[in-house]
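Here is a friendly walk through one protein chain, to read alongside the model. Keep the viewer open and follow the residue numbers as you go.

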Amino acid sequence: NARKAAVAAFGEDVQPIYRFENADVVLAIDADFLCTDSGAVRYAHDFMARRGVESEGRPNRLYVIESAYSPTGAAADHRLRLSARRTQSFIQALSQRLGVSGAFGDGEVALGVHAKWHDAVAADLREHRGRSIVLAGEQQPPSVHALVHVINATLGNVGETVVYASPHAGE
């Protein structure tokens, strides 16, 4: 799913590489980047280094949207349990709120009781343009991955906290 979305978004197969050491705010959408996702050992090290006693500056903030409890969700500052079928509408609404060009769908309808949570994460991401990461787990459909790519680009994260590389580099 992630690879299909990358090809659709960029016209080529690219893989996002996350620079958690540069991120002040992280939104993980059904992504267990601290434990089971690809690159988890490195990502856990870089993310947790910002939370340690010896870290300089403010610790990072982690928002997690997930349908089932995960180790990344356990580490979250703010966790929202959301069914898999409602996740896409939630992310569409978030992309609209962030001013993503060409955002589609009627995500506002899906917010309901989660509107305050949604407003808080959108405000935090806007406040930390170029210093945030939005990522989606492999099980999310290509449409969610495509929105995540566009959200990161809109927020100025590409080249700062998110870089893209060919998965075939070095072969």
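Which residues does Leu27 touch, not counting residues up to four places away in sequence? They are Tyr63, Ile65, Leu94, Trp117, Val121, Leu125, Ile133, Val134 and Leu135, where a contact means heavy atoms within 4.5 Å.

Please bear in mind that this is a predicted model, in which local features need pLDDT of at least 70, side-chain atom pairs count only at pLDDT 80 or more, and totals for chains, interfaces and linings use all residues. Residues are numbered from 1 along each chain as its sequence is written, and side-chain values use heavy atoms, with hydrogens and water left out.

**Overview and confidence**

- The chain has seven helices and six strands; helices (H or I, at least four residues) and strands (E, at least two) are DSSP runs, numbered from the N terminus.
- Starting at the N terminus, the order of elements is α-β-β-α-β-α-β-α-α-α-β-α-β.
- Of the chain's 171 residues, 44% are buried; that word stands for under 20% relative accessible area, with exposed over 50% and partly exposed in between (1.4 Å probe, protein chains only).
- Among contacts between residues at least 6 apart in sequence, 67% link residues at least 24 apart.
- Mean pLDDT, the predictor's confidence in each residue from 0 to 100, is 85 for the chain, and 82% of the residues reach 70 or more.
- Residues 106-110 have pLDDT below 50, and this stretch makes nine contacts in the model beyond near neighbours in sequence.

**The sheet and its helices**

- An open sheet is built from four strands in the order β4-β3-β2-β5, with parallel pairing; two strands pair if DSSP finds at least two bridges between them.
- Its edge strands, each pairing on one side only, are β4 (78-81) and β5 (132-136).
- On average, neighbouring strands of this sheet are turned by 10 degrees against each other, direction ignored; axes are lines fitted to C-alpha atoms, for helices over the stretch in contact, and angles run from 0 to 180 degrees between N-to-C directions.
- Strand β3 (residues 61-66) runs parallel to β4 and is joined to β4 by four bridges, and Val64 has Arg79 as its bridge partner in β4.
- Helix α6 (residues 115-127) packs on the sheet, touching β2 (25-29), β3, β4 and β5, and its direction makes about 135 degrees with that of β3.
- Helix α7 (residues 142-154) also packs on the sheet, where it touches β2 and β5; its direction makes about 170 degrees with that of β5.

**The nonpolar cores**

- The largest nonpolar core has 23 residues, of which Leu27 and Leu125 touch the most other members; such a core is a set of buried Ala, Val, Leu, Ile, Met, Phe, Trp, Tyr and Cys residues joined through side-chain atoms within 4.5 Å.
- At least two residues of this core come from each of β2, β3, α4 (84-97), α6, β5 and α7.
- Another core lies apart from it and has 17 residues, among them Phe20, Val26, Ala44 and Ala76.

- Asn152 sits in helix α7 and counts as buried because its relative accessible area is 1%.
- Leaving aside neighbours within four places in sequence, Asn152 is in contact with Ser132, Ile133, Val134, Asn157, Val158 and Val162.
- Ser38 lies in the loop between β2 and α2 (40-49), and is exposed because its relative accessibility is 59%.
- Not counting residues up to four places away in sequence, Ser38 touches Gln15 and Tyr43.
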